[in-house]
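Please have the structure open as you go through them.

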Amino acid sequence: MFLAWKEVIHNKLKFSLIIGVLVLVSYLLFLISGLSNGLMGMNREAIDTWDPDAVIVTEESNQNVAQSIMNENAIDGKFDKIATVKNLPVIIAKGDNKQNTLLFGIKKDQFLKPDITEGKTFNKNFEVVANDSLKTKGFKLGDTLNIAGSDENLKITGFTRNSKYNAAAVLYANDATLDALSMNKLKGKANAFFIKDKDFKSKHIDKDLQLIEKEDFIKKLPGYTEQKLTLDIMSYFLFAISAFIIGIFLYVITIQKEPIFGLLKAQGISNGFLARSLLIQTLILSLIAVMIALTLTIGTAMVIPDVVPIKFEWDKIALFGFTIIVTAIVGGLFSIRSIRKVDPLKTIE
């Protein structure tokens, strides 16, 4: 380790280039991880807040809540906890400010009732509790909202957090509000049932209904799987690129040091000692790079605006950092063969 560290100190510029490249790759990977979590969270955070064990929709709906409609008493008494949901996409407006939202009709005595962070819950028809992301869009407590295609207005009586569904902000209202806005098409009906029952798989429902586990339901949300797969592939390529880059840098540096390795071998230094020195050097460089990238990521998390869909999960960041270090070491292994091929006799000549 002494030899590896002394060389890094002696050749600061050369090794700074390697560290700089690793920092950029690591920082980019951490940012992509945060963006992936943020984008995925925009699709599923309301469902995660409700934390159901499963969801029930109609068989013909293709697991799409908006396309599912059934009698609201279709599964009465079959599960431990049942929450009915009525769903309407609505465009709300305050002056020229317009936003696409999803209006959910729920019962206040069921587990989908939102936790209020500001204001109060809805008590009357056409009162809503809104996701607090709408505050960044210019909406505030007490606002009267126009609805596109309707003469009715909604009033924001409270705000809640972590309530986005399929990237749209959620508004919570009572069932009567949804019945009125749907021209009574949803009266006595439900678009979906969210259930809490650890033994749900053993329960039987009508053949025209479909019982879906929570994670399987989320994967079928429009665009969710495609976005996640795209961002995951980008992360995998970054891992491969980091291994390739560090491998190239270390190989070039190893080739440049062949005369030194030859002299060390002539003095009795073994191939194993030189290989260990190279790997320790790689470990030192990657550790420094990951720590710098982590510091930049923490700084980014502190200053990035709330409107950016980014969310850092630090346990995942730590796992990525560890993987980058391992990937860099794997890249450094390609240079060991060059050390073994060095002939000390030719170097002396």
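1. Let me start with Arg44, which counts as buried because its relative accessibility is 14%; buried means under 20% relative accessible area, exposed over 50%, and partly exposed in between, with a 1.4 Å probe and protein chains only. Asp48, at 31% relative accessibility, counts as partly exposed. The side chains of Asp48 and Arg44 meet in a salt bridge, with N to O at 2.8 Å; the term stands for a side-chain nitrogen of Lys or Arg within 4 Å of a carboxyl oxygen of Asp or Glu. About one helical turn separates Asp48 and Arg44, because they are four residues apart in helix α2. Helices here are DSSP runs of H or I with at least four residues, strands are runs of E with at least two, and both are numbered from the N terminus.

2. A word on the basis of these notes: this is a predicted model, in which local features need pLDDT of at least 70 and side-chain atom pairs count only at pLDDT 80 or more, while totals for chains, interfaces and linings use all residues. Residues are numbered from 1 along each chain as its sequence is written, and side-chain values use heavy atoms, with hydrogens and water left out.

3. Next, please look at Asp51 and Lys214, whose side chains meet in a salt bridge at 3.5 Å, N to O. This pair links distant parts of the chain, 163 residues apart: Asp51 sits in the loop between α2 and β1 (54-58), and Lys214 in helix α4 (residues 214-219). Asp51 counts as partly exposed at 42% relative accessibility, whereas Lys214 is buried at 13%.

4. What network do these residues belong to? Arg44, Asp48, Asp51, Lys214 and Glu215 are linked in a network of salt bridges. A search of the whole structure finds 15 salt bridges.

5. Another salt bridge joins Lys107 and Glu72, with the closest N and O atoms 3.5 Å apart. Here too the pair links distant parts of the chain, 35 residues apart, with Lys107 in the loop between β4 and β5 (118-119) and Glu72 in the loop between β2 (70-71) and β3 (81-94). Lys107 counts as partly exposed at 26% relative accessibility, and Glu72 counts as partly exposed at 28%.

6. The loop between β4 and β5 also holds Phe111, which is partly exposed at 21% relative accessibility. Phe111 and Lys81 are 30 residues apart in sequence, and their C-alpha atoms are 7.9 Å apart in space. Lys220 is partly exposed, with a relative accessible area of 41%.

7. Two backbone angles deserve a look. Most residues other than glycine have a negative phi. Phe126 has a positive phi of about 70 degrees although it is not a glycine; Phe126 lies in the loop between β5 and β6 (127-131) and counts as buried at 19% relative accessibility. Asn184 has a positive phi of about 65 degrees, and is not a glycine either. Asn184 lies in the loop between α3 (175-181) and β11 (189-190), where it counts as partly exposed at 48%.

8. How much space lies in the largest pocket? About 1,200 Å³, the volume being the space filled by probe spheres set on grid points that are joined across faces, edges and corners. A pocket is an open set of points on a 1 Å grid over the protein atoms alone, where a 1.4 Å probe fits, with protein on both sides within 12 Å along at least five of seven lines; lining residues have an atom within 4 Å of a point. Of the 45 residues that line the largest pocket, Gly38, Met42, Glu45, Pro309 and Lys311 are the closest to its centre. Helix α2 gives the most to this lining, with 11 residues.

9. Finally, the surface: Leu229, Ile233, Tyr236, Phe237 and Ile241 form a nonpolar patch with about 530 Å² of accessible area together. Patches are made of residues with over 30% relative accessible area and no salt bridge, joined within 9 Å for like charges and within 5 Å for nonpolar side chains (Val, Leu, Ile, Met, Phe, Trp, Tyr); the areas come from the Shrake-Rupley method with a 1.4 Å probe, and for residues only the protein chains shown count as cover. Tyr236 lies in helix α5 (residues 224-256) and counts as exposed because its relative accessibility is 54%.
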